[in-house]
Amino acid sequence: MNLFHIIEVQQFKDRGLLEDIFSLSARMEKLDESKDLSLLLPSVPRRKILASLFYEPSTRTRLSFESAMKRLGGDVISTEDAPHFSSAVKGESLTDTIKVVSSFADAIVLRHYEEGSAKRASEVSKVPIINAGDGPGQHPTQALLDLYTIKKELGRIDNLKVCFVGDLLYSRTVHSLVYLLAQQNNIELYFVSPEEIRMPRDIADYLKEKGCPFFEQETLFEVAHIVDILYVTRVQKERFRSIVEYERVKDSYVVDKQITQAMKEGSRILHPLPRVQELPPEIDSDSRSAYFRQADNGLYLRMSLLSMLLKQ
Amino acid sequence: MNLFHIIEVQQFKDRGLLEDIFSLSARMEKLDESKDLSLLLPSVPRRKILASLFYEPSTRTRLSFESAMKRLGGDVISTEDAPHFSSAVKGESLTDTIKVVSSFADAIVLRHYEEGSAKRASEVSKVPIINAGDGPGQHPTQALLDLYTIKKELGRIDNLKVCFVGDLLYSRTVHSLVYLLAQQNNIELYFVSPEEIRMPRDIADYLKEKGCPFFEQETLFEVAHIVDILYVTRVQKERFRSIVEYERVKDSYVVDKQITQAMKEGSRILHPLPRVQELPPEIDSDSRSAYFRQADNGLYLRMSLLSMLLKQ
Amino acid sequence: MNLFHIIEVQQFKDRGLLEDIFSLSARMEKLDESKDLSLLLPSVPRRKILASLFYEPSTRTRLSFESAMKRLGGDVISTEDAPHFSSAVKGESLTDTIKVVSSFADAIVLRHYEEGSAKRASEVSKVPIINAGDGPGQHPTQALLDLYTIKKELGRIDNLKVCFVGDLLYSRTVHSLVYLLAQQNNIELYFVSPEEIRMPRDIADYLKEKGCPFFEQETLFEVAHIVDILYVTRVQKERFRSIVEYERVKDSYVVDKQITQAMKEGSRILHPLPRVQELPPEIDSDSRSAYFRQADNGLYLRMSLLSMLLKQ
C-alpha cells in the first residue's frame, strides 16, 4: 500500500500498514540517538523541503513536524500565521495557494479551520499533503501517534478495554482513535461524559455495525478499575448550556489520585494535550501517566510518515 | 555588470544581464531536478544565510525566496511579522534594524510598506538587499519573473504585442514590467482599464519618449485577438468612486471563455496572483493559461538571483 | 564549571568561566570568516536543533540566536508568536509546554513576559534552557555581550569607570551588567538619571556590600570627561508622572556632540539598542560609538554559549 497524501484515518485500516509505520517509528527513535539520519531521506538532488501551512495556531503540532523533518536531514519553510497570508486576505482560494506552494516544497503539512480542506488541497497538489487538522474534521497523525503509544506502552493494539472521558462530542482526536481501535481485534470501549457532550450517534452506529461493544455512562469512578487505557480530554466550559451545569459535572471528569488508585497496575493514562484541570499535576509522577511520552512519540511517528512519503 | 543590491527594475536595462539571469534561471530549473545544488553556493566557511524581513505579510513571496535559498543549499532566518518587531514598536528606524540584521545574514530580502525603504536599507547594509516590494514602489523580482515567463513561454522578449488589463494605476507589478518591456525591441502595448484606474501619465510619457507605441481602451474583447501576452490584474472595488460604477465595469475585465476563444493560439495569459474573479477557474485548463507556471518560474528566477548575489 | 541552563548573570561570577566564554567568542568570530563551522557542533547522530520560543516579540534577539545556531551548522525550529500558541490560549502551563518542546529540540531559547519563567522552565526541561529575557527579570546573554564588548573595545574588564545613563530603574540590562561589573576589580560606577527612574535601592545596597564605589547624579555633562564606558538606555515617556516633567529632563540624557567632545579619546559609548532620540545619528560615525559593534558581538557570544551547551 502506497501512501501519498495523508488525509484521514480511514487510509490506515490495513493492519500491515499500521505495523510498518509503528516499526519504522520505533526504528526512528533508535536511529535518532545513534546514527546519521540525513541518510534516511534522499538528499540528491538536494535536501527535501517540507512546507508548514498553518491557518490556525498549533505550535506544538507544527514544531513536532518541523523537528521530525529536520531530524531526517530535511529542511522546512514555514508560516505560523497563514490567515494573514496576503493572498488569503485578498480572497485567494485555498486551492490556488496550494497549487503555488506545492511548487516550493516536496510535501505540505496543512492545518486549516475548514472540514474537507485537506482533501481539497490534495486534489490540486503536486506533492503529498499531510492533514494536521481540518477544523472539526480529522487529525490523522494524532490518532496514529495515540495508537502507537498504546502499542509501545502495552505491547499490543488488540484485546483492550479503552475508556474515553471528557468531551466526546467535539474531540476529533477521540473520533479518529475510536475509528482505528474498532478496526483491531477484541476491543471494548467505555465512553464517559456529561450528557451534553457524549459520543455522536453516527460513531455509535458505526461501532454497532462493526460489532465493537461499547458502554456509555456519566461517571468515571465505576470503570476506572476495568480499563487498560484511560484516554482523557478537556471538558470545556463553553460546551455547556449553563455555567451551573458545568460546575455541577466538571469534577466527575478529573483524573485525581482517587481514580488512579482504582486503576489497574498495567493500565495507562493518555491525553492529546494541552491538559488543564482534568489531569492534576499530582498524577504526573505516576508511571502509568503516559501523556508526555505520547507527545514524544508524535515526533518519531511523524519522522516515520515523512520518510515514507518522501523516499520516492 | 555586477549586481549587489536589487532595488528597482531600472538596474536591469542591460539586455546582456537579463539574458544571463534568464539562462541561469533555466539552468537552475534543470539542476534542481538532477544535481546536488549545494555546490552552487559557496558553503565554506559555512552555509550562507538569507534573512527574510517582512513588514507586510506576503507569504507567497517569502516562501518563494526561502525555498530558493534552501534549494541552493543555503539557510534562512525569517520574520513574517516584522512590524511587531519589538524594536519597530519602540520606534527604531529601519536603517538601525538593517544595520544590526545585516550582521546576522549574508543577504536580506525586505518587504516594507514605504516607498524608498529598500533604497534606504541598501545605503546602510553590509550585505545585499533584495527589494521584495516597497509599498507603492517597486517589486523588481516580480517584473523579472514576468519577463522570464514570457521568454520561456514564447521563446522571445522582442516583437511582442502585450495587453495589460485591470488596475493599471496602482499595480506596481504592471509599471515595472511595462518599464522592462519598453527596453526591448518592437514592443506594442495595449492598456485596458476603467477610466478610474488607467495607466499613470508619467508612464505614458515615458513610453512616448522611448518611442514605444501604446493604445488605451476600456474594453478587452476588441484587442483579445491581437495580443501575444494578456497580462491580467485584479480590479479592486475600493478603487472606485461608487459601487455602482464598480458593478457597471467589473465584468468587462473578466477573462472568460468568450475572451480566450478570441485569443490567438500562440498567445499566453499571465497574472501575478492572487487572482479572484477576473480569471474564472474555467480557463485554468487552457494551455495558454500560464499564471501557475509563472509562479513556479519565480522560484528559479530567485535561485538565479540569489546565486549571483552570494557567489562572491 | 559546567553550564547547562543559562538563567541569570549570577551564574557567571567565576572569572575563569567569563574568560573562557570571551576567548571562545573571539575564536568564533575568526572561524566564522575562515573555517567550516559545522565541525564545531557534533552533527552525529544529526544536526543539533535549537527551539526559539518567544512569548514576546524580540526579533533582534531571536534572529541573533538563530543566526548563531545556523552558523554553527545547527538547525532551528521557531515560533515568533508563542502567546497565540494554541496550547497557551487553551490555558496550558508554561512547564507543560516546555516538557513537550524539550523533546523536539536540543536546547530552548525562551523569551517570556513573567519574571522567573526561565527558572521554572529549567526545572522541567530535558535540554538546556537559555533565558532570553523573563519580563522584568534577567537577560543574561545581553549582559555577557555587553561585558564582552567592553573587553573587546578596551582590552580589559578591570580598572574601569563606567557611567550608566537613562532609565536605571526598569532596565534589566543595566542591572545585570552592574552585577557583573561589580564582580571585577577596581570598578567605579556613575549613575545618571532623573529622580523618577534612578537605580533601585537593592542594587545600591549590593554595591555597598561589595565595596564597589558608585556615584549618583542627575546630569551627564559633568561626568562625561571621566568615564571609560558610557552605557546609554532609553528614557521612556511613560515612566514619568507628568509629561511636563519628562519634557523638562529628557534632553539631559541625550548623548550629543557636546557630550562626545567632552569624552576621553579612549572611551566608548554602548547601548543595548533599539535607540531612539537619546543617541542622535550625528554621533554614529564617531569611532567611540560602539553600539552597532556591540550588536554584532552578540552573535559571536551566542555562538560561543550555544557551542558550550551543545557540545556534550
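This briefing covers one interface, the salt bridges, a loop proline and the aromatic pairs of a predicted model. Local features need pLDDT of at least 70 and side-chain atom pairs count only at pLDDT 80 or more, while totals for chains, interfaces and linings use all residues; side-chain values use heavy atoms, without hydrogens and water. Residues are numbered from 1 along each chain as its sequence is written, and chains are lettered from A in the order in which they are written.

**Interface of chain C and chain A**

- Chain C gives 27 residues to the contact and chain A gives 31; contact means heavy atoms within 4.5 Å.
- About 2,500 Å² is buried between the two chains, with 53% from carbon and sulfur atoms. Buried area is the accessible area (1.4 Å probe) that two parts lose on being put together, summed over both.
- The count of residue pairs in polar contact is 12, both residues at pLDDT 80 or more. A polar contact is a pair of N or O atoms within 3.5 Å; within protein, one must be able to donate a hydrogen and the other to accept it, and residues adjacent in sequence count only if both atoms are side-chain atoms.
- On the chain C side, the elements that give two or more residues are strand 1 (49–54), strand 2 (75–79), helix 3 (86–89) and helix 4 (94–101). Helices (H or I, at least four residues) and strands (E, at least two) are DSSP runs, numbered from the N terminus.
- Strand 2 of chain C supplies the largest share of that side, 5 residues.
- That side divides into 10 nonpolar, 7 polar and 10 charged residues. Ala, Val, Leu, Ile, Met, Phe, Trp, Tyr, Cys and Pro count as nonpolar, Asp, Glu, Lys and Arg as charged, and the others, Gly among them, as polar.

**Salt bridges**

- Over all chains, the search finds 81 salt bridges. Each is a side-chain nitrogen of Lys or Arg within 4 Å of a carboxyl oxygen of Asp or Glu.
- Across the interface of chain C and chain A there are 5. One pairs A:Arg47 with C:Asp75, the closest N and O atoms being 3.6 Å apart.
- A network of salt bridges links Arg47, Lys70 and Asp75 of chains A, B and C.
- A:Arg293 bridges to A:Glu153 at 2.7 Å. The pair joins helix 12 (residues 291–310) to helix 6 (residues 140–154) of chain A, 140 residues apart.
- A:Arg293 is partly exposed at 33% relative accessible area, whereas A:Glu153 is buried at 18%. Buried means under 20%, exposed over 50%, partly exposed in between (1.4 Å probe, protein chains only).
- B:Asp284 meets B:Arg275 at 2.7 Å, N to O. B:Arg275 is buried, at 6%.

**A loop proline**

- B:Pro200 sits in the loop between strand 6 (187–192) and helix 8 (201–210) of chain B. It is buried, at 15% relative accessibility.
- B:Pro200 touches B:Leu168, B:Leu169 and B:His175, leaving aside residues up to four places away in sequence.

**Aromatic pairs**

- There are 24 aromatic pairs over all chains. Rings of Phe, Tyr and Trp (its six-membered ring) pair if their centres lie within 6.5 Å; planes under 30 degrees apart count as stacked, over 60 as edge-to-face and the rest as tilted.
- A:Tyr179 and A:Tyr206 are stacked, at 5.2 Å centre to centre and 20 degrees between the planes. They lie in helix 7 (residues 172–182) and helix 8 (residues 201–210) of chain A, 27 residues apart.
- Both A:Tyr179 and A:Tyr206 are buried.
- A:Phe164, A:Phe191, A:Phe214 and A:Tyr231 form one aromatic cluster.
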